[in-house]
Amino acid sequence: MKNLFIQRLLVSTLLMVLGIIKIILDTSVGFNFAYVVLFIGGIILLYSIIAYFKSRNNKLFEKEMSKQYDERDILIDGKVAHFSLHILLYEIFIIMFLTNFVAIQTNIVLFIVLISLIICEFGSRKYYNHVL
C-alpha cells in the first residue's frame, strides 16, 4: 500500500484554504457551502495525520516482530538440520550393513534416503515450530 500522507496533506490544506477564502469573499445570505469545505478539509487533515502515525508505529512494531521471527526461524532451521544430519548418519549405517547381505541398486538407496529426509525434515520442522 502506498503512503499517501503528502497527497492527503496537500488536498486537506487546499480545501481548508479554499473554504477560508470562500468564507471571506462570500457575502450572500443563507447557507454557506464554504463551512462544509473547511470542515471536510479538517477531517481529511486529521485522518491523514492519524493514519501516518499509526502506520509509522505499525512499521516499527513489524520490524521488531520480524526480527524475533527471523531469530526463531534460524534456531528452528539449525535444530532441523542437526536432527536431519543424525537421521542421515543412521540411515547410511543401516544401508551399509544391509548391502553386505543384499544387493541394492543405487537409485533405490538414494530414493529411500531422499524420501526419509523429506519426511524427517517435515516432521521435525513441525515439531520445533510447535515446541518453540
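In the predicted model, a patch of negative charge on the surface is formed by Glu64, Asp70, Glu71 and Asp73. One of these residues, Glu64, belongs to helix H2, which covers residues 34-99. The relative accessibility of Glu64 is 42%, so this residue is classed as partly exposed.

The secondary structure of the protein consists of 3 helices and 0 strands. Along the sequence the elements follow the pattern α-α-α. The radius of gyration is 33 Å, whereas the globule rule gives 14 Å for 132 residues; the value is well over the rule, and the protein is therefore more spread out than a compact globule. A box taken along the principal axes and filled by the C-alpha atoms comes to roughly 105 × 25 × 20 Å. Of the 132 residues, 15% count as buried.

Helix H1 spans residues 5-25, and Ile24 is located in this helix. With a relative accessibility of 64%, Ile24 is classed as exposed, since the cut-off for that class is over 50%. Ile24 and Ala34 are 10 residues apart along the chain, and their C-alpha atoms are separated by 9.3 Å.

Side chains of opposite charge can pair when their charged atoms come close. In this protein, 2 salt bridges are counted. In one of them, Asp77 is paired with Arg125, and the closest N and O atoms are 2.7 Å apart. Asp77 is part of helix H2 and Arg125 is part of helix H3 (residues 106-131), so this pair ties together parts of the protein that are 48 residues apart in sequence.

Glu121 has a relative accessible area of 34% and is accordingly classed as partly exposed. Through shared partners, the salt bridges join Asp77, Glu121 and Arg125 into one network.

Ile43 is placed in helix H2 and is partly exposed, with a relative accessibility of 43%. The C-alpha atoms of Ile43 and Thr106 are separated by 73 Å, and the two residues are 63 residues apart along the chain. Ile104 is found in the loop between H2 and H3. At 32% relative accessibility, Ile104 is classed as partly exposed. Between Ile104 and Leu38, which are 66 residues apart along the chain, the C-alpha separation is 84 Å.

Tyr128 lies in helix H3. Its relative accessible area is 18%, so Tyr128 is classed as buried, the cut-off for this class being under 20%. Tyr128 and Lys59 are 69 residues apart along the chain, and a distance of 28 Å separates their C-alpha atoms.

Notes:
Residues numbered from 1 in each chain as written. Predicted model: local features only at pLDDT ≥ 70, side-chain atom pairs only at ≥ 80, totals over all residues. Heavy atoms only, no water. Patch = residues over 30% accessible without salt bridge, like charges linked within 9 Å, V, L, I, M, F, W, Y side chains within 5 Å. Areas by Shrake-Rupley, 256 points an atom, 1.4 Å probe, with all protein chains shown as cover. Salt bridge = Lys/Arg side-chain N within 4 Å of Asp/Glu carboxyl O. Lys, Arg positive; Asp, Glu negative; His and termini not counted. Charge placed at Lys NZ, Arg CZ, Asp CG, Glu CD. Helix = DSSP H or I, 4+ residues; strand = E, 2+ residues; numbered from the N terminus. Buried < 20%, exposed > 50% of the residue type's maximum accessible area, 1.4 Å probe, protein only. Rg over C-alpha atoms; globule rule 2.2 N^0.38 Å.
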